[in-house]
Amino acid sequence: MFDSVSGLQLKLVITADGSHTLYNSGIGEHYHSTGGAITESMHVYIRNGLMPVMEDNDIFHLYETGLGTGLNALLACIEARRQCKSIHYHACELLPLDIRITEQLNYTSLVNSEYAAADFSAIHTQAYNGEPVRVHKHFILSKYQCDFSEVNFHDEQLRLVFFDAFSSNAQPELWCIELFSKLWRAMLPGALLVTYATAGHVKQALRQSGFQVQRLKGVAGKREMLRALKL
Ligand SMILES: C[S@@+](CC[C@H](N)C(=O)[O-])C[C@H]1O[C@@H](n2cnc3c(N)ncnc32)[C@H](O)[C@@H]1O
């Protein structure tokens, strides 16, 4: 199907856990692991990123590159309500999806939350580059339509980063020391960056940017994932 808002040629795909992902034929990649989109997002971003940060912080800033289908944002929004911990979620996206595409995604029927449909709709109907919006008591969303490589942070004090760009094969320019260092400077001591990627040069670029890098068990067909700590 053609997304007239992003100009992308996309295909709706069912992954191994029954949840949808999109295939971007221009890039030649899926938005998530075909081994399970929700399974991967829960494991990499929620269990190994959000939950440890929530243990130590009642209120914090989180940055995602890029928002895409909004799956990570939805899962974080649900977890914030469940744990009564407050997130200011900042998401950048170069090519926002048409709401007529995101409405076809089956996430809200698969996650265990009576508010999922309302949350997901709020995440996608919010305008880009406007004022932050309070989706619920514990979740504020700021959406930026921009190229992440051109973002300038101004004292963001991030506690957590979801690094979820397309792969370093498809987008080598985003997985580099310059951009990881920019994030490192915007993060507080003790902050985490999590990503599904495990390529050697990604690990090396993270280390050279100042992070301590941990390899964690992967999921959904992937052996490992990375978690980087700013000491
Ligand atoms: C692997 S997909 C993951 C998306 C999302 N996290 C999700 O759960 O659907 C990568 C996303 O990064 C976006 N993206 C690619 N290049 C970007 C850039 N330079 N700046 C901001 N976003 C970008 C893509 O449009 C896509 O939505």
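1. Basis. The model is predicted: local features need pLDDT of at least 70, side-chain atom pairs count only at pLDDT 80 or more, and totals for chains, interfaces and linings use all residues. Residue numbers start from 1 along each chain, as its sequence is written. Helices (H or I, at least four residues) and strands (E, at least two) are DSSP runs, numbered from the N terminus.

2. Burial of H2. Is H2 largely enclosed or left open by the rest of the structure? Ten of its 13 residues are buried, so H2 is largely enclosed. A residue is buried if 20 or more other C-beta atoms lie within 10 Å of its own, exposed if 12 or fewer, and partly exposed in between; C-beta atoms are placed from the backbone. Among the buried residues of H2 are Leu71, Asn72, Cys77 and Glu79.

3. Length of H2. The expected span of a helix is 1.5 Å times one less than its number of residues. For the 13 residues of H2 that gives 18 Å, and the end C-alpha atoms are 18 Å apart, which agrees. Cysteine 84 follows H2 and has a positive phi, near 55 degrees.

4. H1 against H2. Helix H1 (residues 37–56) packs on helix H2 (residues 71–83) at about 45 degrees, with the axes 10 Å apart. Axes are lines fitted to C-alpha atoms, for helices over the stretch in contact, and angles run from 0 to 180 degrees between N-to-C directions. The two helices are therefore oblique to each other. Angles under 35 degrees count as roughly parallel, over 145 as roughly antiparallel, 65 to 115 as roughly perpendicular and the rest as oblique.

5. Who meets whom. On the H1 side, the residues in contact include Tyr45, Ile46 and Leu50; on the H2 side, they include Leu75, Ala76 and Glu79. Contact means that C-beta atoms, placed from the backbone, lie within 7 Å. By class, this contact has nine nonpolar, three polar and one charged residues. Ala, Val, Leu, Ile, Met, Phe, Trp, Tyr, Cys and Pro count as nonpolar, Asp, Glu, Lys and Arg as charged, and the others, Gly among them, as polar.

6. H2 against H5. The axes of H2 and helix H5 (residues 116–125) come within 10 Å and cross at roughly 130 degrees. That makes H2 oblique to H5. This crossing is right-handed. Ala73, Leu74, Cys77 and Ile78 of H2 meet Ala116, Asp119, Phe120 and Ile123 of H5. The classes here are seven nonpolar, no polar and one charged.

7. A cis bond. Check the peptide bond between threonine 65 and glycine 66: it is cis, with omega about -20 degrees. Glycine 66 sits in the loop between strand E5 (59–65) and H2.

8. Two positive phi values. Asparagine 129 has phi near 60 degrees, and alanine 220 has phi near 55 degrees. Asparagine 129 is in the loop between H5 and strand E7 (133–136). It counts as exposed, with 9 C-beta neighbours inside 10 Å. Alanine 220 is in the loop between E11 and strand E12 (224–229). Alanine 220 is buried, with 22 other C-beta atoms within 10 Å.

9. Serine 209. This residue is in the loop between helix H7 (200–208) and strand E11 (212–217). Serine 209 counts as buried, with 21 C-beta neighbours inside 10 Å. Not counting residues up to four places away in sequence, serine 209 touches Ile177, Phe180, Ser181 and Trp184.

Key. Two residues are in contact if their C-beta atoms, placed from the backbone, lie within 7 Å. A crossing is left-handed if the near helix is turned anticlockwise from the far one by less than a right angle, and right-handed if clockwise.
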